[in-house]
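Hi,

Here is the structure I promised to pass on. Have a look at it first, and then read my notes below.

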Amino acid sequence: MTKKLSKLPNLEESLTEISQLIDNMEHSEQTLEQSLNHFERGITLVKHCQKILEEAEQKVQILIQNNNQEELTAYGEDDMEQGSESNEANEN
């Protein structure tokens with residue numbers, strides 16, 4: 001692989017590359033140096049993926065905290081309530 005260690009792709013591309021690195025290491029004959037380079041790249045990508053996922057988790061936590069004041073309802077309950085209100089208005 002000729003990709004530089006400093007170049008870090010997005011999450012999906014990182015996971016794909018990790019898969020390819022594992023496949024190459026398991027199924028091809030490589031020198032020790034090549035294997036170590038692939039291993040190092042894999043570790044870098046895994047850490048990068050962990051960072052992306054941690055940031056996403058933090059964003060979700062912030063969104064949940066910001067919307068904590070609002071009461072959540074099950075999907076479809078709002079539609080049912082609006083429908084019954086419409087029926088009541090039509091009856092009057």
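Let me start with the charged pairs: the count of salt bridges comes to one. The partners are R41 and E17, whose side chains meet at 2.7 Å, N to O. The pair ties together distant parts of the chain, as R41 sits in helix α2 and E17 in helix α1, 24 residues apart. As a general point, side chains of opposite charge can pair when their charged atoms come close.

Before you go further, keep in mind that this is a predicted model.

Now the overall picture. Buried residues account for 13% of the 92 residues in the chain. The accessible surface comes to about 8100 Å², and 51% of that belongs to carbon and sulfur atoms. If you take the contacts between residues at least 6 apart in sequence, 69% of them join residues at least 24 apart.

Next, the inside. Which residues make up the largest nonpolar core? There are five of them: L11, I18, L21, L45 and C49. Helices α1 and α2 (32–66) each supply at least two residues of this core, and the largest share, three residues, comes from α1. In general, nonpolar side chains in soluble globular proteins tend to be buried together.

Leaving out residues up to four places away in sequence, L45 touches L8, P9, S14, E17, I18 and L21.

The side chain of S14 reaches the backbone oxygen of P9 at 3.2 Å. With residues up to four places away in sequence not counted, S14 touches P9, L45, H48 and C49. Among these, L45 and C49 belong to the nonpolar core described above.

Last, the outside. M25, F39 and I43 form a nonpolar patch on the surface, and together they have about 270 Å² of accessible area. M25 lies in helix α1, which covers residues 11–27. Why does M25 count as partly exposed? Its relative accessibility is 34%, and partly exposed is the class between under 20% (buried) and over 50% (exposed).

That is what I have for now.

Cheers

Definitions and conventions:
Residues numbered from 1 in each chain as written. Predicted model: local features only at pLDDT ≥ 70, side-chain atom pairs only at ≥ 80, totals over all residues. Heavy atoms only, no water. Patch = residues over 30% accessible without salt bridge, like charges linked within 9 Å, V, L, I, M, F, W, Y side chains within 5 Å. Areas by Shrake-Rupley, 256 points an atom, 1.4 Å probe, with all protein chains shown as cover. Salt bridge = Lys/Arg side-chain N within 4 Å of Asp/Glu carboxyl O. Helix = DSSP H or I, 4+ residues; strand = E, 2+ residues; numbered from the N terminus. Buried < 20%, exposed > 50% of the residue type's maximum accessible area, 1.4 Å probe, protein only. Core = buried A, V, L, I, M, F, W, Y, C linked by side-chain atoms within 4.5 Å. Contact = heavy atoms within 4.5 Å. Polar contact = N/O pair within 3.5 Å; in protein donor to acceptor, adjacent residues only side chain to side chain.
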